[in-house]
Every structure is written in structure tokens, then in C-alpha cells.
Amino acid sequence: MTVETLVVPGMRLCVADEDNVPGPGTYSQNGYIYSSLAGTMKLLRDKKDVSKSGSSSEVRITVVPPCSGLSDIPSLGDIVTVRVIVVNPRFAKVQILCVRDSPLSEPFWGLIRKEDVRATEKDKVELYKSFRAGDIVLSRVISLGEASSGYLLSTAENELGVVIANSSFDKNSKLVPISWTKMQCPKTFNKEFRKIAKVVPEDIKNEDQS
């Protein structure tokens, strides 16, 4: 008998024991089997070898093949566009909106941890001076994470960081970068700290590629 259900990377599927064996597209960790892919989980039931186990109970082999309908899910190394939802001293919780240039039909959750905000002086990073709720950020997928926390993301590159932010004093005003660490409201002239992405204009990109 085969049982199928949709799963995403990092989702805990079942307990890993003599009756539950990880198959392709899964991995075992801390006594549980997790999905390493997005797709369809298949539970393939077979009879145990009675001569080895002394039991005729079924063995469950967990297999998670790729699902074509979920081809645009984030993968390791992908650049993703996210919206910051919550910021605390340890991490920023975000929703992944786009993978590369492809919008997602359903957002995935992710975390940008304090140690992954920038490449240098990590001990001096302050999350509240890097991101605020509502910011749109470019980041890179560095780990599939777990189902409870989502993908682990990094902005520790010059081209990654905040690309769109609203003023804390005037929600209708977009902040303008004035340095790599500060943005300014064009109406109130208030300055706010951010980890800002170095966005390269398209015409310069095209010149470099030609």
C-alpha cells in the first residue's frame, strides 16, 4: 500500500526506528526522519524479513521525490526576496516572497540570524539597526533549516540586505540610502539604521557581462 502527502524541506515526517526507514529525499536526525526535498511523501509498506527480525510486521520506507508543481521552491545558494515580519535581538523572522526572479504562489518562512547579517564584526551586529518589520530584503539561502523555523538566510554580502524600507515616522515615505548603514526619510529627514544592499544598476551589469 502507498500513502502520499505533500511535504517541504525540513518537515519532520515520522520517528526513525526499525519500522520507519529513511529513503531517497529524506534524512534521519535525532531519532526522526525529515524531508530534504519538496514534493510528495510516499510510504511504501513491505513485509519484514521474518528470519532476521522475528516479526512479520510491515517496514515503512519513506521516500520524497521532487514535485514538478513546486519547482520554484528555495534551494541552497538561491537569492531570495523576503519581507521582514518580526525582529528580535537574536534573529529576524521573514517571509520568502520570490526565488530569484520568480514570485512564489505561497510564501515560505525563513530566519536571518544575528551571526548571518554581515561577514565582518559579527559580534557588533544589532538586529534592530539592520532590519525593521516591513522591510524588503535580498538574502541568500544558506540552510534548509527545519519546518518549525524555516530556511536559514544570510545577508553577509555587499549585494544583499535591505532594498525597500518605509520610514518609521511616515509610513507613506520610502527611505533613501545615504550610506551602507543608514537610510533617510525624504520628507522628515530622519535617519534610520539598516543593513543596506548594494544594488548594481542593470546598465552596469550589462556592461560587465559584455
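How many bridges join E14 to strand E15? In this predicted model, which is numbered from 1 along each chain as the sequence is written, local features require a pLDDT of at least 70, side-chain atom pairs count only at pLDDT 80 or more, and totals for chains, interfaces and linings use all residues. Side-chain values use heavy atoms, with hydrogens and water left out. The answer is that 2 bridges join E14 to strand E15 (residues 182-184), and the two strands run antiparallel; strands pair if DSSP finds at least two bridges between them.

The secondary structure of the chain amounts to 2 helices and 16 strands, taken as DSSP runs numbered from the N terminus (helices H or I of at least four residues, strands E of at least two). The chain has 210 residues, of which 36% count as buried; buried denotes under 20% relative accessible area, exposed over 50%, and partly exposed the range in between, with a 1.4 Å probe and protein chains only. Among contacts between residues at least 6 apart in sequence, 52% join residues at least 24 apart, a contact being heavy atoms within 4.5 Å.

Strands E14, E15 and E16 form an open sheet in that order, with antiparallel pairing. Its edge strands are E14 (176-177) and E16 (191-193), each of which pairs on one side only. Within this sheet, Pro 177 stands opposite Met 183 of E15. The loop between E15 and E16 holds Phe 189, whose phi is near 65 degrees, a positive value in a residue other than glycine. Phe 189 counts as exposed because its relative accessibility is 55%. Ser 173 lies in the loop between strand E13 (161-164) and E14. In contrast to Phe 189, which is exposed, Ser 173 is buried because its relative accessible area is 3%. Not counting residues up to four places away in sequence, Ser 173 touches Ala 165, Asn 166, Ser 167, Cys 185 and Lys 187.

A further set of pairings involves strand E8 (residues 79-87), which is joined to E11 by 5 bridges in the antiparallel sense. Val 82 stands opposite Val 137 in E11. E8 also pairs with strand E9 (residues 91-99), again antiparallel, over 7 bridges, and Thr 81 has Cys 98 of E9 as its bridge partner. E8 and E9 form a hairpin with 3 residues between them. Strand E11 (residues 136-146) contains Ser 139, which counts as buried because its relative accessibility is 0%. Apart from neighbours within four places in sequence, Ser 139 is in contact with Asp 78, Ile 79, Val 80, Val 82, Leu 153, Ser 154, Thr 155 and Leu 160.

In the loop between strand E7 (58-63) and E8 lies Ile 73, which is buried because its relative accessible area is 12%. Ile 73 and Ser 102 are 29 residues apart in sequence, and their C-alpha atoms are 9.5 Å apart in space. Glu 121 occupies the loop between strand E10 (102-113) and E11; its relative accessibility of 44% is why Glu 121 counts as partly exposed. Phi of Glu 121 is near 45 degrees, a positive value in a residue other than glycine. Most residues other than glycine have a negative phi.

Tyr 32 in E5 is the bridge partner of Val 15 and of Gln 29. The hairpin of E4 and E5 has 2 residues between the strands, and in this hairpin Asn 30 takes a positive phi near 50 degrees.

The largest pocket has a volume of about 430 Å³. A pocket is an open set of points on a 1 Å grid over the protein atoms alone, where a 1.4 Å probe fits, with protein on both sides within 12 Å along at least five of seven lines; lining residues have an atom within 4 Å of a point. Grid points are joined across faces, edges and corners, and the volume is the space filled by probe spheres set on the points. The pocket is lined by 21 residues, of which Arg 118, Trp 180, Thr 181, Arg 194 and Lys 195 lie nearest its centre. By class, its lining has 7 nonpolar, 5 polar and 9 charged residues (nonpolar: Ala, Val, Leu, Ile, Met, Phe, Trp, Tyr, Cys and Pro; charged: Asp, Glu, Lys and Arg; polar: the others, Gly among them).
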